[in-house]
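Here is a short tour to read alongside the sequence and the 3D view. Please keep both open as you go.

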Amino acid sequence: MRVLPVKVFGDNYAYLLVDESRHTAAVVDPGDAAPVREWLARGGLRLTAILATHHHEDHVGGIGELCSVFPDVPVLGSAEDKGRIPHQTVFLDDGEGVEAAGMRGLVIATPGHTRGGLAYFFPAPLGGDLFAGDTLFGGTMGNLFEGTPARMLETLRRLRDLPPRTRLWPGHEYTESGVRDALRLQPDDAVLIARLAAVESALARDGRTIPLSLDEERRVNPFLRWDDPAIRALLGTASDTATFKKLCEVL
Ligand SMILES: [Zn+2]
């Protein structure tokens with residue numbers, strides 16, 4: 001699948017999932033319509049679906065305008081978000097399948113950041129593409145606006161279990177501040193220090209750090225390391241839930 005990231009509002013990401021053979025695209029999280037329309041026009045692409053990861057305005061704000069330009073385009077989101085996502089026509093539950101850009105994807109409910117959060121996972125032979133909204137970022141995770149640490153832990157456990165070669169496409173470019181936060185916890189960690197240098201050079205070169213590697217996040221993102229002995233020793237915790245709760249307190 002060809003993924004075209006579209007910068008929105010400075011640090012938000014919308015994503016076009018492009019089906020080149022049909023000259024069509026689906027869009028994930030169009031917080032604003034204008035940049036999405038610009039990229040569609042530039043590629044000569046017709047919009048065929050809108051996928052929302054959650055109801056926050058900076059992810060759904062462009063849906064109304066896109067629906068007026070592309071009438072009859074289905075708007076997909078969580079059944080839990082009924083009434084909170086504008087123009088929503090498809091109400092999804094965990095484990096359902098979705099079709100976008102000629103690819104079959106899987107819906108993963110991701111309660112924590114919001115109660116109706118969804119991730120969309122498109123498997124590929126050696127990994128896949130994960131659109132995680134505001135659940136998982138480079139080096140950090142989303143705020144718990146409508147969920148508890150225990151609930152977010154179960155959500156992240158499921159994302160962490162996806163194939164290691166999965167490409168992670170987050171809802172925001174937060175990687176630099178995420179890795180800096182992780183370094184506050186482990187200032188001498190050589191892997192984190194190297195990661196920060198790599199992130200800074202990627203930002204200087206491309207203005208972005210995506211796609212992230214799920215495998216790398218597993219090794220460097222503290223919010224995916226609740227069972228890492230080094231993290232547990234640092235926090236003085238012994239269980240997954242206690243470690244994750246403590247991570248939520250200190251980071
Ligand atoms: Zn959000």
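The count of cavities of 30 Å³ or more comes to one. A cavity here is a set of points on a 1 Å grid over the protein atoms alone where a 1.4 Å probe fits but cannot get out, whereas a pocket is an open set with protein on both sides within 12 Å along at least five of seven lines. This is a predicted model, in which local features need pLDDT of at least 70 and side-chain atom pairs count only at pLDDT 80 or more, while totals for chains, interfaces and linings use all residues. Residues are numbered from 1 along each chain as its sequence is written, and side-chain values use heavy atoms, with hydrogens and water left out.

**Cavity and pocket**

- The largest cavity holds about 40 Å³ of space, a volume being the space filled by probe spheres set on grid points that are joined across faces, edges and corners.
- Lining residues are those with an atom within 4 Å of a point, and for the largest cavity they include Thr-53, His-54, Thr-110, His-113, Ala-132, Gly-133 and Asp-134.
- By class, that cavity lining has two nonpolar, eight polar and one charged residue; Ala, Val, Leu, Ile, Met, Phe, Trp, Tyr, Cys and Pro count as nonpolar, Asp, Glu, Lys and Arg as charged, and the others, Gly among them, as polar.
- The largest pocket has about 330 Å³ of space.
- It is lined by 18 residues, and Phe-137, Thr-140, Met-141, Gly-142 and Asn-143 are the closest to its centre.
- Two elements each give two or more residues to this pocket lining, strand 12 (140-141) and helix 5 (175-185); helices (H or I, at least four residues) and strands (E, at least two) are DSSP runs numbered from the N terminus.
- Helix 5 supplies the largest share of the pocket lining, with three residues.
- The pocket lining divides into eight nonpolar, eight polar and two charged residues.

- All eight of the eight residues of strand 2 (residues 12-19) are buried, so the strand is largely enclosed by the rest of the structure; buried means under 20% relative accessible area, exposed over 50%, and partly exposed in between (1.4 Å probe, protein chains only).
- Asn-12, Ala-14, Leu-16 and Val-18 point one way from strand 2, while Tyr-13, Tyr-15, Leu-17 and Asp-19 point the other way.
- In a regular strand the side chains alternate between the two faces of the sheet.
- Strand 1 (residues 2-8) pairs with strand 2 in the antiparallel sense over seven bridges, where two strands pair if DSSP finds at least two bridges between them.
- Within that pairing, Leu-17 in strand 2 has Val-3 opposite.
- The hairpin of strand 1 and strand 2 has three residues between the strands, and Phe-9 takes a positive phi near 55°.
- On to the next pairing: strand 2 and strand 3 (residues 24-28) are antiparallel over five bridges, and Val-18 has Ala-25 in strand 3 as its bridge partner.
- Four residues lie between strand 2 and strand 3 in their hairpin, where His-23 in the turn has a positive phi of about 55°.

- Six strands make up an open sheet of mixed pairing, in the order 7-8-9-10-13-14.
- Strand 7 (97-100) and strand 14 (212-213) stand at its edges with a single partner strand each, so one side of each has no neighbour in the sheet.
- Strand 9 (residues 118-124) and strand 10 (residues 127-133) pair in the antiparallel sense over five bridges, and a hairpin joins them through two residues.
- Across this pair, Phe-122 has Asp-129 in strand 10 as its bridge partner, and Ala-124 stands opposite Gly-127.
- Strand 10 also pairs with strand 13 (residues 166-170), in the parallel sense over five bridges, and there the bridge partner of Asp-129 is Arg-167.
- Seven of the seven residues of strand 10 are buried, so this strand is largely enclosed by the rest of the structure.

**Helices**

- Helix 4 (residues 149-160) has 12 residues and should span 16 Å at 1.5 Å a residue, and its end C-alpha atoms are 16 Å apart, which agrees; the expected span is 1.5 Å times one less than the number of residues.
- Met-152, Leu-153, Thr-155, Leu-156, Leu-159 and Arg-160 are buried in helix 4.
- Seen down the axis, these buried residues of helix 4 fall within an arc of 165°, so they line one face of the helix; the arc is that of the directions from the helix axis to the C-beta atoms.
- Glu-249 lies in helix 9 (residues 240-250) and is exposed, with a relative accessible area of 53%.
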